[in-house]
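Here is a briefing on one protein chain. Look over the sequence and the fold, then read the points below.

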Amino acid sequence: MQTVSWQLWAILSAIFAALTAIFGKIGVTGVNSNLATLLRTIVIVVFIGALVAFRGEWQSPLTLSRRCLVFLVLSALATGVSWLCYYRALQLGPASRVAPIDKLSVAFAIVLAVVFLHEKLSWQAAVGGVLVTAGALVLALAP
């Protein structure tokens, strides 16, 4: 699986993120959005746990560096808060407008990568970030 390019994985991620919006919008109908997020999380834990077990990729978290664990925990907390906000937004608004706003994460990630990871900001990334932002705003503000 490692011979597959990162671009293909990114496209697959985008496709499944789109399905998340559609399935999530249908799924949060008539249920508390926090409970919906909890149920989603349980399914993810079981699914990923089975995948890791099947592929023989388990290793004790105690063998990981403290820095690695801290940032994985922070990432998990950010993911959890993102999901809670996303499901609540889906419950209140149309998926066709919520999903584009959620994708502003692309522009935020570019800025944060430059500031905190000291990645170089190419003109392509700058223009792409502006276009993603403009597209999200156009879609979100449409009547």
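Helix 3 passes helix 4 in a right-handed crossing; a crossing is right-handed if the near helix is turned clockwise from the far one by less than a right angle, and left-handed if anticlockwise. The contact is made by Tyr 86, Ala 89 and Leu 90 of helix 3 with Ala 95, Val 98, Ala 99 and Asp 102 of helix 4; contact means heavy atoms within 4.5 Å. The model is predicted: local features need pLDDT of at least 70, side-chain atom pairs count only at pLDDT 80 or more, and totals for chains, interfaces and linings use all residues. Residues are numbered from 1 along each chain as its sequence is written, and side-chain values use heavy atoms, with hydrogens and water left out.

**Overall layout**

- The protein chain has six helices and zero strands. Helices (H or I, at least four residues) and strands (E, at least two) are DSSP runs, numbered from the N terminus.
- The order of elements from the N terminus is α-α-α-α-α-α.
- The C-alpha trace spans about 50 × 45 × 30 Å along its principal axes.
- The protein chain has 143 residues, and 15% of them count as buried. Buried means under 20% relative accessible area, exposed over 50%, and partly exposed in between (1.4 Å probe, protein chains only).
- Take the contacts between residues at least 6 apart in sequence: 74% of them join residues at least 24 apart.

**Helix 3 with helix 4**

- The two helices pack at an angle of about 155°, with their axes 8 Å apart. Axes are lines fitted to C-alpha atoms, for helices over the stretch in contact, and angles run from 0 to 180 degrees between N-to-C directions.
- Helix 3 and helix 4 are therefore roughly antiparallel to each other. Angles under 35 degrees count as roughly parallel, over 145 as roughly antiparallel, 65 to 115 as roughly perpendicular and the rest as oblique.
- Helix 4 has these buried residues: Ala 95, Val 98, Ala 99 and Pro 100. They pack against helix 1, helix 3 and helix 6 (123–141).

**Helix 1 with helix 3**

- The axes of helix 1 (residues 6–27) and helix 3 come within 9 Å and cross at roughly 55°. Helix 1 and helix 3 are therefore oblique to each other.
- Helix 1 passes helix 3 in a right-handed crossing.
- On the helix 1 side, Ala 17, Thr 20, Ala 21, Gly 24 and Lys 25 take part; on the helix 3 side, Tyr 86, Tyr 87, Leu 90 and Gln 91 meet them.

**The nonpolar core**

- The largest nonpolar core has nine residues: Ala 21, Val 28, Ala 36, Tyr 86, Tyr 87, Leu 90, Ala 95, Val 98 and Ala 99. Such a core is a set of buried Ala, Val, Leu, Ile, Met, Phe, Trp, Tyr and Cys residues joined through side-chain atoms within 4.5 Å.
- Helix 3 (66–92) and helix 4 (95–102) are the elements that give two or more residues to this core.
- Ala 21 is in helix 1. Ala 21 counts as buried because its relative accessible area is 4%.
- Not counting residues up to four places away in sequence, Ala 21 touches Tyr 86, Leu 90, Ala 95 and Ala 99.
- Ala 95 is in contact with Ala 21, Lys 25, Leu 90 and Pro 100, leaving aside neighbours within four places in sequence.

**Single residues**

- Ser 33 lies in helix 2 (residues 33–55). Its relative accessibility is 5%, so Ser 33 counts as buried.
- Beyond residues up to four places away in sequence, Ser 33 touches Tyr 87, Arg 88 and Gln 91.
- Leu 12 is in helix 1. Leu 12 counts as partly exposed because its relative accessibility is 31%.
- His 118 lies in the loop between helix 5 (105–116) and helix 6. At 63% relative accessibility, His 118 counts as exposed.
- Phi of His 118 is near 60°, a positive value in a residue other than glycine. Most residues other than glycine have a negative phi.

**C-alpha separations**

- Ala 21 and Ala 126 are 105 residues apart along the chain, and their C-alpha atoms are separated by 26 Å.
- Leu 12 and Ala 36 are 24 residues apart in sequence and 24 Å apart in space, C-alpha to C-alpha.
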